[in-house]
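Open your viewer and keep the selection panel handy. We will walk through a few stops together.

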Amino acid sequence: MAQRPVVGVLLAAGRGSRFDPTGAANKLLAPLPEGPTAGTPVAVQAARHLKQALADVVAVVPAAATHGAQVDRLAALLAEVGCEVLRSPGAARGMGASLAAGVAARPNAGGWIIALADMPWIAPETIVRIAQAMDAAHCVAPFHAGQRGHPIGFGADFFSGLTSLDGDEGARRLIDPATLVRINVDDAGILRDVDTPADLTG
């Protein structure tokens, strides 16, 4: 593991047009319907798992939005979990801008694990394994049943590349398959996200 702490960056700026085409509902605030986490908002559960694995987590939310009350509630809930909430003016431009803002908030980290707030089923142990496998020069990704999932770890050498992202451009172009460190996990949660209401029940 890197000598400097690995930081979690939780991307929580998207609303999810596929979840509610009217724009009235924010999928990140949708309550999980099943099991011991029933009633917990999607993003809160994702943040809890990230915080269980990493001491320092930056959660990126929009700076302003049409549905300002929902964003305020989301920010307050993520702060209660223990995240540092970053209201990013660029978040409205897309995931790349949010990712860049979150990484830029921790320029001296030993690396960053980029997690998505609509993926509440990733086991904390998976995140710990990713952090333990990280070094400055490599990306680390979990694989389940042969498929690459989330979250992805980026070593400290990727700072410039990550902070140059903008708009909807994700970090995929920064990942070199030839040097990617693969972590095989028995965790189907790395492949499961919430795009539609049906996804909440699997």
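How many cavities of 30 Å³ or more does a search of the whole structure find? The search finds one. Here a cavity is a set of points on a 1 Å grid over the protein atoms alone where a 1.4 Å probe fits but cannot get out.

Before selecting anything, note that this is a predicted model, where local features need pLDDT of at least 70, side-chain atom pairs count only at pLDDT 80 or more, and totals for chains, interfaces and linings use all residues. Residues are numbered from 1 along each chain as its sequence is written, and side-chain values use heavy atoms, with hydrogens and water left out.

**Stop one: the cavity.** Select Leu10, Ala46, His49, Leu50, Ala115, Leu116, Met119, Ile122 and Ile127, which line the largest cavity (lining residues have an atom within 4 Å of a point). Its volume is about 50 Å³, the space filled by probe spheres set on the points. Now colour α1 (42–53) and β4 (111–116), the elements that give two or more residues to this lining; α1 gives the most, with three residues.

**Stop two: asparagine 26.** Go to the loop between β1 (6–11) and α1, where asparagine 26 sits. Asparagine 26 is buried, with a relative accessible area of 7% (buried means under 20%, with a 1.4 Å probe and protein chains only). Show its side chain, which reaches the backbone nitrogen of leucine 28 at 2.9 Å.

Technical notes
On a 1 Å grid over the protein atoms alone, a cavity is a set of points where a 1.4 Å probe fits but cannot get out, and a pocket is an open set with protein on both sides within 12 Å along at least five of seven lines; lining residues have an atom within 4 Å of a point. Helices (H or I, at least four residues) and strands (E, at least two) are DSSP runs, numbered from the N terminus. Buried means under 20% relative accessible area, exposed over 50%, partly exposed in between (1.4 Å probe, protein chains only). A polar contact is a pair of N or O atoms within 3.5 Å; within protein, one must be able to donate a hydrogen and the other to accept it, and residues adjacent in sequence count only if both atoms are side-chain atoms.
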